Amino acid sequence: MPLTRNAEATAARTADSRWLELLARAGFIGYGIVHLLFAWIILQIAFSNSGEEGNQNGALRALGAQPMGKFLLIAIAVGLIAMAIWQALEAAVGHHAKRGKERLFERIASVVRTVVFLWLAWTSIQVVQDASSNSADQQEQFSEKLMASSGGRWLVGLAGLVLAAVGIGMMIYGYKKKFERNLKTNEMNGKTRQTVRRLGMAGYIARGAVFAVAGLLIVVAAINYDPEKARGLDAALRTLRDQPYGPFILALMALGIAAFGVYCFFQSRFRKI
């Protein structure tokens, strides 16, 4: 239909905007900083029983507490919003180089990335406004209310299974080095390509492991009617810490998350946008 074609053409022109590309590339730098801070928080949880919230929300709040932190948060929020717009356009009219189920998968992944980037941007703005509360506590309260409703425990359990599946998928994505398809590898020299490959593999596998453990804990919480265990990433990290060799496992995860943060810096330069 003409209207559909016109809408797609408009979206395509927006996606090709030079300013949008520059802001999205800057957003990857901010995204990398958030993950480096997240890795630092994981190390604190592992070895010093930190009370800091163990997720990206906690990383943003930690950044906001630093000198010039709120200025950086505003810059990160702008970059993340640009990344969200870019991924929303990719979900709507992008990924033409792929076909069939592969293109459908990539478009769904772009929808998920859009939501994640918007949520992080909103959290950054909330931190700047000093209005960001503990998201892990909010999740626990929401889970408790949901479990008390008819069929609520099934919904919580299903959400946990989806999160675990996303985590496992992320680990497979990293192990198979599928992230390289979205990079301009032809512009890298051999050493850079090898470095980026190792960072991407370690980063995606570590992120996937954290999400998978968080999802499984939510499922267990639904089965045992224990909202305290349905706190997402924060509960996953603290539960792992209390296991035999838990601090060392968390240290390895922190290294992987930090690797993903550095990988984001390379994405800023080499990501196909």
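Good morning, colleagues. Please bear in mind throughout that the model is a predicted one.

I begin with the charged side chains. In helix α2, Glu 21 and Arg 25 stand four residues apart, about one turn of the helix, and their side chains meet at 3.0 Å, N to O. Glu 21 has a relative accessible area of 15% and is therefore buried; Arg 25, at 10%, also counts as buried. Together with Arg 18, these two residues are linked in a network of salt bridges.

Next, the loop between α7 and α8. Arg 181 in this loop pairs with Glu 106 of helix α5, so that parts 75 residues apart in sequence are tied together. The closest N and O atoms of this pair are 3.4 Å apart. Glu 106 is buried, at 1% relative accessible area, whereas Arg 181 is partly exposed, at 32%. Glu 180, in the loop as well, ties to Arg 197 in helix α8, across 17 residues of sequence. Their salt bridge spans 2.9 Å, N to O. Here Glu 180 is buried, at 14%, and Arg 197 is partly exposed, at 28%.

Helices α2 and α10 each give two or more residues to the patch. Which element gives the most? That is α2, with three residues. Phe 47, which lies in α2, counts as exposed because its relative accessibility is 52%, over the 50% cut-off.

Thank you for your attention.

Conventions
Residues numbered from 1 in each chain as written. Predicted model: local features only at pLDDT ≥ 70, side-chain atom pairs only at ≥ 80, totals over all residues. Heavy atoms only, no water. Buried < 20%, exposed > 50% of the residue type's maximum accessible area, 1.4 Å probe, protein only. Salt bridge = Lys/Arg side-chain N within 4 Å of Asp/Glu carboxyl O.
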